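Dear colleague,

I am handing over the structure we spoke about, and my notes on what was found in it follow below.

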Amino acid sequence: MSEKAIVVGGGLAGLSAAARLAHNGYDVTLLEKAPKLGGRAITIPLKGFNFNFGAHAIYARDKSILRKFEHEIGLNVDWKDFSPSKAFYDMGSYTTPMPATLEGLYRTKVLDSQNKLRFAYEVFKTMSSINRGEEGIPIGEYLQKETPQVRDLLLTIASSNFFTNEPERIPSTLFFDYYRRLFATQRAVSYIGGGWQAIVQAFADIIEKNGGRIITKEKVSRIDLDGKEITAIYGKEERVYTADHYLFCIPPKECSQLFAETPLQKYFEEYVRYSPTSVVVYDVGLSERISSPFTYIYQKAQKVFITDISYYDTTCVPEGGQLMQAVAYLNEEEIAQNKADEKVAIIESIYDKHFPGWRDRLVAKRVSKKATVQEIKCIDDQRLMPVKFHSLANAYFAGDWCQGKGQLSELSFTSAYEATRRIMKHPVEEEQD
Ligand SMILES: Cc1cc2nc3c(=O)[nH]c(=O)nc-3n(C[C@H](O)[C@H](O)[C@H](O)COP(=O)(O)OP(=O)(O)OC[C@H]3O[C@@H](n4cnc5c(N)ncnc54)[C@H](O)[C@@H]3O)c2cc1C
């Protein structure tokens with residue numbers, strides 16, 4: 001008899017975990033409250049365009065945990081690698097190449113020649129672990145000793161990778177850990193042919209091919225506990241699900257509700273309090289392409305970027321069309337001051353500047369004034385949730401709010417990988433001994 005595993009949540013964490021368990025012979029049931037799988041990685045079709053609701057790029061895919069999913073469980077992804085030579089900074093009065101490659105570093109105007117050498121040396125020191133950061137010191141403080149140009153560039157790079165307009169608050173140890181991997185990559189950014197729906201479907205196919213069940217429109221609302229063990233979970237109309245292992249790939253506030261009125265609710269309280277990474281998203285679908293030397297432009301002063309998604313994934317547009325995604329970062333203060341409308345106006349002015357004529361060609365747009373990029377933002381004293389609590393023997397947790405490697409979806413995938421590794425390492429028989 002196969003061991004039974006229930007995975008709650010059909011976002012990237014839940015799907016990748018369920019697929020890995022199903023592939024390894026577990027009897028898997030995945031429960032998702034929404035009608036469609038994908039969570040924040042769903043794709044929304046609109047007037048012939050496929051808008052990625054959230055996620056759009058994978059960073060350092062050659063170093064990503066997705067490689068393991070490709071090799072181990074046969075995940076099939078149509079990678080579309082980004083062209084670094086088409087990435088530019090908008091510095092206000094001029095645009096200049098991003099120093100994403102040696103050629104970019106040579107051509108960029110964000111550094112003078114002395115600082116180019118210094119920046120290259122910092123990259124070398126990061127890659128060879130000479131730069132490691134210091135526990136309790138945020139990167140803004142840690143980089144005080146740097147020249148203003150190099151410090152500014154490192155913080156600008158972090159701003160776009162961490163989706164934040166407060167990059168100086170990133171813990172310095174996390175910063176160097178992240179860039180040790182990213183600077184060593186051959187493929188800094190990649191998109192997905194067929195959009196994120198393709199990767200969602202690829203995981204779902206692996207689950208079903210291996211006999212797993214996927215049940216949508218099933219919100220898990222309650223659990224039964226017997227001491228340290230979960231004995232059952234409940235879906236709609238008190239439907240009961242039982243298993244040997246329970247993997248919760250739902251955000252901390254949802255976990256807290258499930259464990260309400262149990263002695264274990266207190267474990268989640270800390271993580272519910274932390275603030276997420278929030279952004280304004282403004283995607284446009286155009287009837288005709290606007291030609292441009294760049295597929296990615298980062299407006300430094302306003303901290304807004306625009307990506308031409310359809311340059312890489314041609315399946316997301318009707319023939320000849322163009323789909324672009326603009327993102328503006330929001331911090332807590334801006335959220336409290338309702339700055340989202342201002343950000344929308346700023347984004348439109350940046351589209352006007354770099355893609356003149358976009359308004360006349362506009363067919364469909366999608367604006368979200370507060371999208372959650374990462375459930376727990378990696379800043380200052382905020383901490384990510386563990387994938388396992390000692391006091392819960394048969395429960396595991398995964399998602400971009402859990403401990404793992406990288407940021408954003410990489411956290412979802414790495415925490416899912418770690419949670420499933422632990423499940424596979426501890427078969428039920430052993431636990432009962
Ligand atoms: C605008 C934007 C841009 C982004 N860009 C990138 C990017 O470029 N690169 C990148 O890597 N990442 C990016 N991300 C982040 C990425 O989308 C997320 O990290 C990832 O999708 C999170 O997946 P998850 O499974 O961890 O969580 P979620 O997607 O939040 O999944 C949780 C799932 O659980 C379900 N659920 C919740 N409660 C219950 C319940 N009680 N019962 C059953 N089901 C439940 C939810 O419906 C959901 O499907 C972006 C996100 C946004 C919003």
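Helix axes here are lines fitted to C-alpha atoms over the stretch in contact, and angles between them run from 0 to 180 degrees between N-to-C directions. Please keep in mind that this is a predicted model.

With that in hand, the axes of helix α1 (residues 12-23) and helix α15 (residues 409-425) come within 8 Å and cross at roughly 35°, and the crossing in which α1 passes α15 is right-handed. On the side of α1 the contact is made by L12, A13, S16, A17, R20 and L21, while α15 contributes S409, S412, F413, S415, A416, A419, T420 and I423.

On the level of domains, the assignment for the protein gives domain 1 as 4-75 + 195-274 + 380-432, domain 2 as 83-183 and domain 3 as 277-374. The centres of domain 1 and domain 2, taken over C-alpha atoms, are separated by 33 Å, and the contact between these two domains takes 6 residues from domain 1 and 7 residues from domain 2. The side of domain 1 that touches domain 2 divides into 2 nonpolar, 2 polar and 2 charged residues.

Finally, a note on two strands: β11 (residues 222-226) and β12 (residues 229-234) run antiparallel and are joined by 5 bridges, with L225 having I230 in β12 as its bridge partner. Together β11 and β12 form a hairpin with 2 residues between them, and G227, in the turn, has a positive phi of about 65°.

Conventions: Residues numbered from 1 in each chain as written. Predicted model: local features only at pLDDT ≥ 70, side-chain atom pairs only at ≥ 80, totals over all residues. Helix = DSSP H or I, 4+ residues; strand = E, 2+ residues; numbered from the N terminus. Left-handed = near helix turned anticlockwise from the far one by under 90°. Domains from an automatic or database assignment. Nonpolar A, V, L, I, M, F, W, Y, C, P; charged D, E, K, R; others polar. Pairing = 2+ DSSP bridges.
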